[in-house]
Amino acid sequence: MTAVAAPMRLVFLGPPGAGKGTQARELAAAHHVPQIATGDMLREAASAGTPLGATAKSYMDRGALVPDDVIIGLIAERLAKPDAKSGFVLDGFPRTIPQAEALARLLGDLGQALDRVIYFDVPEAELLRRLTGRRSCPVCQSTYHVISNPPRREGICDKCGAALVQRSDDSEGTVRHRLEVYAKQTAPLLDYYRGRGLLATVEGEGPIDAVQAAIRRAVA
Ligand code: AP5
């Protein structure tokens, strides 16, 4: 008899540029669960020109967090979709204590609970290097780095062939502000989840494959 895989309900937590998106895409695809990335959802809403997107853009462009009630509403809708029933990788959510508390309530209402919170530990100098060299695909959301993870053809997405762009919040000044926001508003989640026995720390510096292997060990 074939074993049925247990649901996988994970949070990827870490500063901007830690590699959450890069790793969440791989792990979610390998386990056939959705990668739920609030940043990607907000950028899609912004490029579609929805009222939510316009509000979100005004915060994202200056590296500030979008208000909790907006994000919590977005996640509540997303977690209620059928594809999230058997698991998910949350990438970039929660980012504040009120968001974490709302997530616990939402999952409780669905009769679910988190399995693990993976914290990506990466030094600040490396985060700056990664973000200022990042190129992103506006169509399929894949990310590249001009030096450490270049596409096969310069400026073109390997996966879907779209022209790559530099995110408007990846300028050095905005990246520095995002790092400050992370330290103040998101880093307290480390103690929150450590206290609940859910936190696993992964060394996020080093080759992408090595980080991926460390994550697989942490969730096994
Ligand atoms: P979001 O899109 O979530 O951005 P972020 O958390 O700042 O994270 P990034 O996407 O910048 O980095 P990442 O960790 O995913 O790294 P990546 O894999 O791309 O959020 C953007 C904005 O949306 C926020 O500022 C806020 O305004 C708003 N928002 C989103 N969620 C919100 C929430 N919950 N509440 C309120 N507001 C919210 O990798 C980075 C680069 O490094 C890439 O170039 C990649 O190729 C490279 N790289 C990856 N791994 C490695 C490696 N091991 N070695 C070398 N290079 C690597």
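A residue counts as near a molecule if one of its heavy atoms lies within 4 Å of it. By that cut-off, 37 residues surround the ligand, and the closest are Thr-22, Ala-64, Arg-95, Tyr-144 and Arg-178. Keep in mind that this is a predicted model: local features need pLDDT of at least 70, side-chain atom pairs count only at pLDDT 80 or more, and totals for chains, interfaces and linings use all residues. Residues are numbered from 1 along each chain as its sequence is written, and side-chain values use heavy atoms, with hydrogens and water left out.

- For a polar contact, look for a pair of N or O atoms within 3.5 Å.
- Arg-134 puts a polar side-chain atom 2.7 Å from a ligand oxygen atom.
- Gly-206 uses a backbone N or O atom, 2.8 Å from a nitrogen atom of the ligand.
- Ser-148 has a side-chain N or O atom 3.3 Å from a ligand nitrogen atom.

**The shell around the ligand**
- Its residues split into 14 nonpolar, 14 polar and nine charged, with Gly counted as polar.
- α2 (38–48) is one of the elements that supply at least two shell residues each, and α2 gives the largest share, four residues.

**Helix α3**
- Within α3 (residues 51–60), Gly-53, Ala-56 and Met-60 are buried, meaning under 20% relative accessible area with a 1.4 Å probe and protein chains only.
- What covers these buried residues includes α2, where contact means heavy atoms within 4.5 Å.
- On the other side of α3, Pro-51 and Ala-54 are exposed, that is, over 50%.

Terms used. Polar contact = N/O pair within 3.5 Å; in protein donor to acceptor, adjacent residues only side chain to side chain.
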